[in-house]
Amino acid sequence: MRLLNAGTYLLILELISPTNVKVRSGKTFVLEPGYYGYVGSALNDLGKRIDRHLSTKKKLYWHIDYLRQIASVQSIIFAESDKRNECLFAQNLILKHQYVSGFGCSDCRCKSHLVYSSSIEELTDNALAAFKLSNPELAVNDGEVKQLHTND
Ligand SMILES: [Zn+2]
(Lines give C-alpha, C1' and ligand atoms only; values in the text may rest on other atoms or scores of the structure.)
Protein backbone atom coordinates (compact mmCIF):
# COMPACT_ATOMS: atom_id res chain seq x y z
CA MET A 1 0.00 0.00 0.00
CA ARG A 2 1.30 3.42 -0.95
CA LEU A 3 1.63 5.53 2.17
CA LEU A 4 0.42 9.03 1.45
CA ASN A 5 0.82 10.32 4.97
CA ALA A 6 -2.01 12.72 4.28
CA GLY A 7 -5.64 12.11 5.06
CA THR A 8 -8.82 12.71 6.96
CA TYR A 9 -9.45 11.63 10.52
CA LEU A 10 -12.07 11.47 13.24
CA LEU A 11 -10.93 11.92 16.80
CA ILE A 12 -13.34 10.25 19.24
CA LEU A 13 -13.29 11.89 22.65
CA GLU A 14 -15.10 11.24 25.90
CA LEU A 15 -16.27 14.09 28.10
CA ILE A 16 -17.15 13.01 31.63
CA SER A 17 -18.78 16.16 33.01
CA PRO A 18 -20.83 19.00 31.54
CA THR A 19 -18.33 21.67 30.54
CA ASN A 20 -18.20 25.13 29.07
CA VAL A 21 -15.26 25.23 26.68
CA LYS A 22 -13.92 28.73 26.11
CA VAL A 23 -11.76 29.06 23.01
CA ARG A 24 -9.18 31.60 21.83
CA SER A 25 -11.74 33.94 20.26
CA GLY A 26 -13.58 34.17 23.57
CA LYS A 27 -16.51 32.13 22.29
CA THR A 28 -17.84 29.50 24.71
CA PHE A 29 -19.22 26.11 23.69
CA VAL A 30 -21.58 24.44 26.19
CA LEU A 31 -21.00 20.69 26.09
CA GLU A 32 -22.92 17.82 27.66
CA PRO A 33 -21.13 14.68 28.88
CA GLY A 34 -20.83 11.95 26.28
CA TYR A 35 -18.82 11.15 23.19
CA TYR A 36 -17.64 13.63 20.62
CA GLY A 37 -16.30 13.07 17.15
CA TYR A 38 -13.99 15.74 15.75
CA VAL A 39 -13.32 15.81 12.01
CA GLY A 40 -10.01 17.06 10.68
CA SER A 41 -7.48 16.47 7.96
CA ALA A 42 -3.76 16.79 7.41
CA LEU A 43 -2.22 17.32 4.01
CA ASN A 44 1.37 16.85 5.11
CA ASP A 45 2.06 14.67 8.10
CA LEU A 46 -0.97 12.77 9.37
CA GLY A 47 1.08 10.92 11.99
CA LYS A 48 2.44 14.14 13.44
CA ARG A 49 -1.07 15.64 13.52
CA ILE A 50 -2.44 12.63 15.39
CA ASP A 51 0.42 12.90 17.90
CA ARG A 52 -0.45 16.55 18.40
CA HIS A 53 -4.07 15.68 19.21
CA LEU A 54 -2.96 13.02 21.68
CA SER A 55 -0.74 15.48 23.54
CA THR A 56 -2.20 17.96 26.02
CA LYS A 57 1.04 19.88 26.52
CA LYS A 58 0.98 22.30 23.61
CA LYS A 59 0.05 25.84 22.66
CA LEU A 60 -3.73 26.00 22.39
CA TYR A 61 -4.84 27.26 19.02
CA TRP A 62 -7.69 25.35 17.37
CA HIS A 63 -11.10 24.78 19.02
CA ILE A 64 -10.24 21.10 19.41
CA ASP A 65 -7.08 21.98 21.40
CA TYR A 66 -9.28 23.44 24.14
CA LEU A 67 -11.69 20.51 24.19
CA ARG A 68 -8.76 18.10 24.25
CA GLN A 69 -7.56 19.59 27.56
CA ILE A 70 -10.66 18.23 29.32
CA ALA A 71 -11.74 15.26 27.17
CA SER A 72 -9.88 11.97 26.75
CA VAL A 73 -9.16 10.48 23.33
CA GLN A 74 -10.85 7.08 22.94
CA SER A 75 -9.81 6.31 19.40
CA ILE A 76 -8.84 7.83 16.09
CA ILE A 77 -10.37 6.64 12.84
CA PHE A 78 -8.45 7.76 9.79
CA ALA A 79 -8.07 7.20 6.10
CA GLU A 80 -5.11 8.21 4.02
CA SER A 81 -5.91 10.26 0.96
CA ASP A 82 -4.27 13.05 -0.96
CA LYS A 83 -7.67 14.66 -1.49
CA ARG A 84 -9.09 17.08 1.04
CA ASN A 85 -12.42 15.46 1.88
CA GLU A 86 -12.86 16.37 5.54
CA CYS A 87 -15.82 18.68 4.89
CA LEU A 88 -17.73 16.08 2.91
CA PHE A 89 -17.02 13.62 5.71
CA ALA A 90 -18.21 16.12 8.36
CA GLN A 91 -21.38 16.80 6.39
CA ASN A 92 -22.15 13.10 6.07
CA LEU A 93 -21.68 12.64 9.81
CA ILE A 94 -23.87 15.63 10.69
CA LEU A 95 -26.79 13.94 8.94
CA LYS A 96 -26.68 11.19 11.59
CA HIS A 97 -25.74 13.08 14.75
CA GLN A 98 -26.37 16.10 16.88
CA TYR A 99 -23.55 18.57 16.36
CA VAL A 100 -21.92 21.51 18.10
CA SER A 101 -22.71 24.46 15.88
CA GLY A 102 -19.66 26.42 14.72
CA PHE A 103 -17.07 24.14 16.28
CA GLY A 104 -13.90 23.48 14.27
CA CYS A 105 -15.17 25.04 11.06
CA SER A 106 -13.78 28.57 11.13
CA ASP A 107 -12.01 27.94 7.81
CA CYS A 108 -14.87 26.36 5.87
CA ARG A 109 -18.60 26.60 5.34
CA CYS A 110 -19.67 23.54 7.33
CA LYS A 111 -22.16 23.84 10.18
CA SER A 112 -19.73 21.99 12.42
CA HIS A 113 -16.78 19.61 12.55
CA LEU A 114 -17.84 18.24 15.97
CA VAL A 115 -20.65 15.74 16.42
CA TYR A 116 -22.12 14.30 19.61
CA SER A 117 -23.33 10.86 20.62
CA SER A 118 -24.22 9.21 23.91
CA SER A 119 -22.94 5.93 22.41
CA ILE A 120 -19.35 5.38 21.29
CA GLU A 121 -20.45 2.33 19.28
CA GLU A 122 -23.03 4.36 17.35
CA LEU A 123 -20.50 7.12 16.70
CA THR A 124 -17.86 4.64 15.52
CA ASP A 125 -20.27 2.79 13.21
CA ASN A 126 -21.57 6.00 11.64
CA ALA A 127 -18.03 7.32 11.24
CA LEU A 128 -16.91 4.20 9.39
CA ALA A 129 -19.95 4.47 7.11
CA ALA A 130 -19.36 8.18 6.52
CA PHE A 131 -15.73 7.51 5.58
CA LYS A 132 -16.86 5.15 2.84
CA LEU A 133 -19.37 7.72 1.54
CA SER A 134 -16.88 10.57 1.60
CA ASN A 135 -13.97 8.93 -0.11
CA PRO A 136 -14.62 7.10 -3.38
CA GLU A 137 -11.05 5.78 -3.46
CA LEU A 138 -11.46 4.16 -0.08
CA ALA A 139 -14.90 2.83 -0.92
CA VAL A 140 -13.23 0.82 -3.68
CA ASN A 141 -10.37 -0.41 -1.51
CA ASP A 142 -12.50 -1.56 1.37
CA GLY A 143 -10.60 -1.96 4.61
CA GLU A 144 -8.24 0.95 4.25
CA VAL A 145 -10.04 2.92 6.93
CA LYS A 146 -8.00 2.35 10.08
CA GLN A 147 -8.73 2.78 13.73
CA LEU A 148 -6.19 3.50 16.42
CA HIS A 149 -7.28 2.85 20.00
CA THR A 150 -5.65 4.88 22.70
CA ASN A 151 -5.34 4.30 26.43
CA ASP A 152 -5.63 7.98 27.22
ZN1 LIG B 1 -15.85 21.86 6.82
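Ser17 counts as exposed because it has 9 C-beta neighbours inside 10 Å, where exposed means that 12 or fewer other C-beta atoms lie within 10 Å of a residue's own, buried means 20 or more, partly exposed covers what falls in between, and C-beta atoms are placed from the backbone. This is a predicted model, in which local features need pLDDT of at least 70 and side-chain atom pairs count only at pLDDT 80 or more, while totals for chains, interfaces and linings use all residues. Residues are numbered from 1 along each chain as its sequence is written. Ser17 has its place in the loop between S1 and S2, and its C-alpha atom is separated by 8.2 Å from that of Gly34, which lies 17 residues apart from it along the chain.

The chain as a whole has five helices and eight strands, where helices (H or I, at least four residues) and strands (E, at least two) are DSSP runs numbered from the N terminus. Read from the N terminus on, these elements run β-β-β-β-α-α-β-α-β-β-α-α-β. The radius of gyration of the chain is 14 Å, close to the 15 Å that the globule rule gives for 152 residues, so the chain is as compact as a globular protein of that length; the radius is taken over C-alpha atoms, and the rule is 2.2 Å times the number of residues to the power 0.38. Along the principal axes, the C-alpha atoms fill a box of roughly 40 × 30 × 30 Å. Of the 152 residues, 38% count as buried, and residues 24 or more positions apart account for 68% of the contacts with a separation of 6 or more, a contact being two residues whose C-beta atoms, placed from the backbone, lie within 7 Å.

Six strands form an open sheet in the order S6-S7-S4-S1-S5-S8, with antiparallel pairing, and two strands are taken to pair if DSSP finds at least two bridges between them. Strand S6 (98-99) and strand S8 (146-149) are the edge strands, each pairing on one side only. S1 and S5 run antiparallel and are joined by eight bridges, one place to look being Gly7, whose bridge partner in S5 is Glu80. S5 is also joined to S8 by four bridges, again with the two strands antiparallel; in S8, His149 is the bridge partner of Ser75, and Leu148 is that of Ile76.

Strand S2 (residues 19-22) and strand S3 (residues 28-31) also run antiparallel, joined by four bridges, and Val21 has Phe29 as its bridge partner in S3. Five residues stand between the strands of this hairpin, in which Gly26 takes a positive phi near 100°.

Returning to the sheet, H3 packs on it, touching S1, S4, S6 and S7, and the direction of H3 makes about 160° with that of S4; axes here are lines fitted to C-alpha atoms, for helices over the stretch in contact, and angles run from 0 to 180 degrees between N-to-C directions. The buried residues of H3 are Glu86, Phe89, Ala90 and Leu93. These residues cover an arc of only 100° around the axis, which puts them on the same side of H3, the arc being that of the directions from the helix axis to the C-beta atoms. They pack against S1, S4, S7 and H4.

In helix H1, the buried residues are Leu46, Arg49, Ile50 and His53. They too cover an arc of only 100° around the axis, which puts them on the same side of H1, and what covers them includes S1, S4, H2 and S5. The face of H1 turned away from its buried side carries the exposed residues Gly47, Lys48 and Asp51.

In soluble globular proteins, nonpolar side chains tend to be buried together. Here the largest nonpolar core has 37 residues, of which Leu10, Leu11, Leu13, Tyr38 and Ile77 touch the most other members; such a core is a set of buried Ala, Val, Leu, Ile, Met, Phe, Trp, Tyr and Cys residues joined through C-beta atoms within 7 Å. Among the elements that each supply at least two residues of this core are strand S1 (7-15), strand S4 (34-42), helix H1 (46-54) and helix H4 (120-134). Leu11, not counting residues up to four places away in sequence, touches Tyr38, His53, Val73 and Ile76.
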